[in-house]
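Grab a pencil and work through these exercises with the structure open beside you. Try each task yourself before you read its solution.

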Amino acid sequence: MSSTPFCRFICVLLTLSGFGKAAHSAGPPNVVMIISDDQAWTDFGFMGHPVIETPHLDRLARQSVVFPRGYVPSSLCRPSLATIITGLYPHRHGITGNDPPQGVDRGEMLKHIRAADTLPGLLGQKGLRSFQAGKWWEGHHSLGGFTAGMTHGDVARGGRHGDVGLSIGREGLVPIRQFVRADREKPFFLWYAPFLPHDPHNPPERILAKYLQPDRPPRLARYYAMCEWFDETCGELLTFLDDEGLRDDTLVAFVVDNGWIQQTGPRRTTEGWYAPRSKRSPYEGGARTPILLRWPGHIEPGRNEALVSSIDLAPTILTACEAEVPRRLPGVNLLEVAAGQPPDRDAIFGEIFAHDVADIDDPAASLLYRMCWTGHWKLILSHPRGDPVELFNLAVDPHEVRNLADQHPEQVDQMVAMIRQWWQADADQSQ
């Protein structure tokens, strides 16, 4: 019966009337930000991993523009997340480490988020309501401009990096479903940053069983299973959007806060079971991430090899929602890059700071490394220890095995100058 002329006529009328779609389809889109927590850039099916299964994110990738050469400027979660929500490099937004100096109250670090323009706050000026679910370091969710959320941030009740919010994904998506359904008249911004695949690596046994192999270390199998568990929750979220008729009116952005390479031998760090050249390091294993954008009818799916950064997400989302983009944001609009326009810049940059902040008012006091990417070249400049400069050609050496600094001194000089110019220009603008 569905193929009769009458039924086809009814389907056309329903389509033209917008039946089943959000009432705000003519205004700003919804925005769903999906943030993986501690996952290497290689560890997805769509990025070519031979073992880890991520069918839901693979499907999202097929529907998105995929930037495989994406980066976060810091390979530590708190400064990285602060960059995503402000669009600023860490030394600009002032949030450089996870924990305060010894003897300093944690609440004193929150002055930086209070002083910042944030995505939820700026989008709120365009009528978007917003919801925080998952990891969040900056006190109560309202300090980030969210109109609703899960994290209370009260240190006396265990507040540090998400508290109640860390249950999202691991314990289902009920709070998100309730938020989305509460007001269908207004578009929304959703921050979905589950504590996944972050340790504790305690995946469901039904998933873990797929990865346990006699020749595979159990810790590695658990990490693999955690990646699939995270993917499963993403599939649940994306299916929910489809079921609610929100897919066509929603911009979905995906990024990883920082990398993780699972360590299987004796513990080599005091922070966790991750390899030295991953989380908290200046290397690709810590700073590189795929970045995905899906917006049906507005972004053509495909693979784009442009060099991009999480600093680009804020201006991209603000532009998509026709909101004002603050002039101080250094990122570019990825909607234009996805359409074939090369980014209007010579390089992107990164910076690694100590886990514990040395001085909450002086980012340089905690600085360990600065990085520069231009074309396929990458340079790592240590500070202040004076380690040898490292230069890599990522086109032929994506895992940074061979330091070419001695062979290309002119390239080194050029990129060191770029780092210093970037750092000084940002310092001048901050005054």
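**Exercise 1. Find out which residues lie nearest the centre of the largest pocket, and which element supplies the largest share of its lining.**

Step 1. Keep in mind that you're looking at a predicted model. Its largest pocket has a volume of about 460 Å³.

Step 2. Look at the lining, which is made up of 21 residues. Nearest the centre you'll find Pro 330, Arg 345, Ala 347, Phe 349 and Trp 422.

Step 3. Now sort by element: β10 (348–353) and α13 (409–430) each give at least two residues to this lining. The largest share comes from α13, with six residues.

**Exercise 2. Decide whether strand β1 (residues 30–36) is enclosed or open, and find its partners.**

Step 1. Go through the strand one side at a time. Asn 30, Val 32, Ile 34 and Ser 36 point one way, while Val 31, Met 33 and Ile 35 point the other way.

Step 2. Check the burial on each side, using under 20% relative accessible area as the cut-off.

Step 3. Draw the conclusion: seven of the seven residues are buried, so β1 is largely enclosed by the rest of the structure.

Step 4. Look for the partners. β1 pairs with strand β6 (residues 250–256) in the parallel sense, over seven bridges. Strand β5 (residues 188–193) also runs parallel to β1, and four bridges join the two.

Step 5. Zoom in on Val 32. Its bridge partner in β6 is Val 252, and in β5 it is Leu 190.

**Exercise 3. Work out how burial is arranged in helices α2, α3 and α11.**

Step 1. Start with α2 (residues 55–62), where the buried residues are Leu 57, Asp 58, Leu 60 and Ala 61. Looking down the helix axis, you'd see them fall within an arc of 160°, so they line one face.

Step 2. Ask what covers the buried residues of α2: the list includes β2 (65–71), α9 (218–243), β6 and β7 (288–294).

Step 3. Turn to α3 (residues 77–86). Ten of its ten residues are buried, so this helix is largely enclosed by the rest of the structure.

Step 4. Finish with α11 (residues 313–320), which is mostly covered, with seven of its eight residues buried. Among them are Leu 313, Pro 315 and Ala 320. Just after α11, Glu 322 has a positive phi of about 55°.

Key. Residues are numbered from 1 along each chain as its sequence is written. This is a predicted model: local features need pLDDT of at least 70, side-chain atom pairs count only at pLDDT 80 or more; totals for chains, interfaces and linings use all residues. Side-chain values use heavy atoms; hydrogens and water are left out. Buried means under 20% relative accessible area, exposed over 50%, partly exposed in between (1.4 Å probe, protein chains only). Two strands pair if DSSP finds at least two bridges between them. The arc is that of the directions from the helix axis to the C-beta atoms. Contact means heavy atoms within 4.5 Å. On a 1 Å grid over the protein atoms alone, a cavity is a set of points where a 1.4 Å probe fits but cannot get out, and a pocket is an open set with protein on both sides within 12 Å along at least five of seven lines; lining residues have an atom within 4 Å of a point. Grid points are joined across faces, edges and corners, and a volume is the space filled by probe spheres set on the points.
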